[in-house]
Amino acid sequence: MSQDRGPRRPRRLEKYALISASATALSLTASGCVVVHGEREVLPSATRAEAAKALEQFTTAYNAADKAYDASLDADHTTGALAAIDSARLKAGAANHPDGNPAHEPLELSDAKFTIPKKAGWPRWFVADTKANKGGTARWLLVFTRDGLDETWEAAYLTLVAPGRVPEFKTDQDGWAEAVPANATDVSVPPADLSKDYATYLQDGGKTFADGVHTSSWRALREKRSTRPGLVTQYIDEPLANGDYAPLALRTEDGGALVFFTSRHFEKQTAARGASVPTPNKDVLALTDGEIKQSLTMEFVSNEVALDPADGRVSVLGRVQGLTSGKGE
């Protein structure tokens with residue numbers, strides 16, 4: 001299975017080198033023309049007011065899409081892992097409830113704290129840490145990105161983290177955070193390698209990741225499910241780390257990094273001869289092609305947030321996963 005197939009929303013990456021952080025200024029001076037390359041300047045990714053407005057616009061669009069079960073209503077405000085998960089959810093909802101979501105409850109985000117890195121080049125991005133009226137007491141962490149000054153801020157990651165688990169970030173005297181490069185070697189795992197290493201860990205185990213709900217406990221649960229009488233369940237895990245799914249990382253106060261990354265997972269259920277695959281729910285059926293006779297393969301996209309220390313095992317703090325497609329055979 002190829003690493004980068006699956007649902008995505010292209011982000012016009014070709015504009016990375018064409019749009020500067022400060023709209024590349026041309027200044028005429030007594031000595032001639034001087035070009036200032038904004039893409040080389042280290043600048044805050046957004047103002048705090050811009051970040052607050054982006055969060056508000058996302059919430060409005062998300063609620064409109066959820067109420068109508070219409071993915072087009074928040075398509076301009078999501079990308080990457082969140083777009084893949086959200087659009088599939090809305091597609092299934094629309095198939096089963098063409099008149100809209102009968103259980104719609106508007107999402108309300110409050111107590112927003114913005115962590116905005118100071119960096120050069122595109123994409124620019126920031127993290128919003130909020131309370132929500134859904135998900136219990138967990139903090140909602142949303143990562144917003146954009147590729148140029150004329151682009152809309154889009155939410156690429158959404159993870160839920162238990163209260164008290166969000167780390168303190170390293171900031172300068174003005175309160176701006178530090179982005180950690182994808183190829184950084186001063187953390188346990190370069191952020192660019194986390195998706196691949198996570199997929200490998202889920203298949204084979206190892207010591208890269210600390211024990212927890214999204215690591216050792218998830219492996220144990222999958223092992224238990226794989227041996228049910230009359231039903232064989234197989235799991236395949238793949239990295240997603242390019243383009244819209246690229247990892248994003250912030251430097252923590254202790255020298256490590258908080259990393260947002262994406263992975264893809266396949267679960268294939270095959271019934272023994274004379275038996276049948278358990279009947280999936282309506283949402284799964286709405287996203288499934290083909291007739292479920294002997295097997296059902298489900299594809300999931302998952303976005304994770306992890307503490308990547310300067311030394312030691314990586315701790316996965318939160319994971320939000322959604323079914324994106326299915327295939328019956």
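**Salt bridges, strands and pockets**

Lys196 has a relative accessible area of 42% and is therefore partly exposed; buried means under 20%, exposed over 50% and partly exposed in between, with a 1.4 Å probe and protein chains only. The model is a predicted one, in which local features need pLDDT of at least 70 and side-chain atom pairs count only at pLDDT 80 or more, while totals for chains, interfaces and linings use all residues. Residues are numbered from 1 along each chain as its sequence is written, and side-chain values use heavy atoms, with hydrogens and water left out.

The side chain of Lys196 meets that of Asp197 in a salt bridge, with a distance of 3.0 Å from N to O. The term salt bridge denotes a side-chain nitrogen of Lys or Arg within 4 Å of a carboxyl oxygen of Asp or Glu. The structure holds twelve salt bridges.

Which residues are linked in a network of salt bridges? They are Lys170, Glu178, Asp186 and Arg251. Within this group, Lys170 forms a salt bridge with Glu178, and their closest N and O atoms are 3.3 Å apart. Lys170 is partly exposed, because its relative accessible area is 42%; Glu178 is also partly exposed, at 26%. A salt bridge also joins the side chains of Asp186 and Arg251, at 3.0 Å from N to O. Asp186 belongs to the loop between strand 9 and helix 3 (194–204), whereas Arg251 belongs to strand 11, so this pair ties together parts that are 65 residues apart in sequence. Helices (H or I, at least four residues) and strands (E, at least two) are DSSP runs numbered from the N terminus. Asp186 counts as partly exposed because its relative accessibility is 40%, but Arg251 is buried, with a relative accessible area of 8%.

An open sheet of three strands has the order 3-5-9, and its pairing is mixed. Strand 3 (43–44) and strand 9 (177–178) are its edge strands, each pairing on one side only. Two strands pair if DSSP finds at least two bridges between them. Strand 5 (residues 117–119) and strand 9 pair in the parallel sense over two bridges, and Pro117 stands opposite Ala177 in strand 9. The antiparallel sense is found elsewhere: strand 10 pairs in this way with strand 12 (residues 257–271) over ten bridges. There, the bridge partner of Gln234 is Lys268 in strand 12. Strand 10 (residues 231–240) is mostly covered, for seven of its ten residues are buried.

Beyond strand 5, the loop between strand 5 and strand 6 (124–132) contains Pro123. A cis peptide bond joins Trp122 to Pro123, with omega about 0 degrees. Tyr69 is a residue other than glycine with a positive phi, near 50 degrees. Tyr69 lies in the loop between helix 1 (48–68) and helix 2, and Tyr69 is buried because its relative accessible area is 15%. Asp111 also has a positive phi near 50 degrees, but the place of Asp111 is in strand 4 (residues 109–115). Asp111 counts as partly exposed, because its relative accessibility is 39%. Such cases deserve a remark because most residues other than glycine have a negative phi, and most peptide bonds are trans.

The largest pocket has a volume of about 450 Å³. A pocket is an open set of points on a 1 Å grid where a 1.4 Å probe fits, with protein on both sides within 12 Å along at least five of seven lines; lining residues have an atom within 4 Å of a point. A volume is the space filled by probe spheres set on the points. The largest pocket is lined by 23 residues, and those nearest its centre are Ile85, Asp86, Arg89, Gln321 and Gly322. Helix 2 gives the most to this lining, with seven residues. Among the other elements that each supply at least two residues are strand 8 (154–161), strand 14 (295–308) and strand 15 (315–328).

The second largest pocket has a volume of about 290 Å³. Of the 20 residues that line this second pocket, Pro123, Trp125, Ala246, Pro247 and Leu248 are the closest to its centre. Strand 8 and strand 11 (248–251) are the elements that give two or more residues to its lining. Strand 8 also holds Thr159, which is buried because its relative accessible area is 0%.
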